[in-house]
Amino acid sequence: MTDGETGLETGATLRRIADALERLSPIPPNSADISSGPAFHWTGQTIEAIARFAPITLDMLTGIDDQKARLLENSKRLANGFAAHDVLLWGSRGMGKSALAKSVVGELHRADTDIAMVEASADALANLPGLFAILGQTDRAFVLFIDDIGFDEDSAAPRLLRSMLEGGAAARPDNVRLYVTSNRRHIVPRQMSEQDDPINPRDVIDDKLALSDRFGLRLGFHAASQDDYLAMIDRYAEVHGLDYDREDALLWSKQRGSRSGRVAWQYIVELAGRAGKSLV
């Protein structure tokens with residue numbers, strides 16, 4: 001075999017090895033252009049544009065007027081380059097935590113305010129420093145939205161999140177603020193056994209509660225009263241031209257064991273279906 005043949009064979013072998021390695025660890029695709037557009041999704045490696053970002057308008061969210069006003073004001077500050085808080089939205093399921101976070105960004109974007117949302121899953125915390133490196137290269141304001149966050153007792157994620165919120169190598173850049181939703185006020189569950197732990201029990205509890213303290217703005221969402229629930233249905237029914245019976249609406253909530261914005265909307269979907277209407 002000649003030297004030329006040996007070189008060709010070696011080159012072919014190297015190409016096969018390179019192809020195999022690429023299949024095992026493919027080169028991530030380019031991220032979306034983050035200079036425009038209202039919403040994106042962080043995959044853990046790249047940023048993808050959300051094609052159909054159409055959150056409910058703010059005026060449709062009923063029974064949470066104080067939360068709306070405070071989150072809108074904080075988001076305006078962020079968009080204008082002023083000091084703004086990281087936000088924890090906590091409380092009852094279905095009461096509009098996620099909807100409000102998205103609606104505020106949508107409202108500002110429609111008003112030509114330069115702000116965008118980047119959604120990331122709760123299990124992607126370890127990869128967020130990579131996202132921060134990308135977002136920090138632009139002057140545009142971003143809300144990093146993490147929905148329905150919660151941690152196991154042995155998870156290391158709470159300390160990572162704390163580092164992002166205040167200092168540390170993983171801290172988010174100045175043009176990014178975290179909007180996090182949780183069903184728990186303190187995010188990390190407290191166990192009764194903590195109170196009986198003979199080894200610094202107060203320190204254990206304080207260390208966990210310190211995570212929620214890192215959020216400068218904490219907005220609580222509580223179960224809807226009967227009047228609030230009916231007010232939500234009134235608003236939805238008015239906008240979509242639907243008639244409803246009060247007792248039927250209350251029966252709907254009783255059958256589901258809950259009064260919330262989500263249950264109210266599900267009732268509206270039911271009404272529209274009965275009437276042969278679309279809600280698009």
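Predicted model: local features only at pLDDT ≥ 70, side-chain atom pairs only at ≥ 80, totals over all residues.
To place the two elements for you, helix H8 covers residues 246-256 and helix H9 covers residues 261-274, and they pack at an angle of about 125° with their axes 10 Å apart. Since angles over 145 degrees would count as roughly antiparallel and 65 to 115 as roughly perpendicular, H8 and H9 are therefore described as oblique to each other. As for the side that each helix presents, H8 contributes Asp248, Ala249, Trp252, Ser253 and Arg256, which meet Val263, Gln266, Tyr267, Glu270 and Arg274 in H9. The residues of this contact divide into four nonpolar, two polar and four charged.

Going back to Leu89, and leaving aside residues up to four places away in sequence, its contacts include Leu71, Leu100, Tyr179, Val180 and Phe221.

Finally, the backbone. Most residues other than glycine have a negative phi, but Asp112, although not a glycine, has a positive phi of about 60°. Asp112 sits in the loop between helix H3 and strand S4, and with 73% relative accessibility it counts as exposed. Asp148 also has a positive phi, of about 55°, and is found in the loop between strand S5 and helix H5; at 43% relative accessibility, Asp148 counts as partly exposed.

Terms used: Residues numbered from 1 in each chain as written. Heavy atoms only, no water. Helix = DSSP H or I, 4+ residues; strand = E, 2+ residues; numbered from the N terminus. Buried < 20%, exposed > 50% of the residue type's maximum accessible area, 1.4 Å probe, protein only. Contact = heavy atoms within 4.5 Å. Axes fitted to C-alpha atoms, helices over the stretch in contact; angles between N-to-C directions. Parallel < 35°, antiparallel > 145°, perpendicular 65-115°, else oblique. Nonpolar A, V, L, I, M, F, W, Y, C, P; charged D, E, K, R; others polar.
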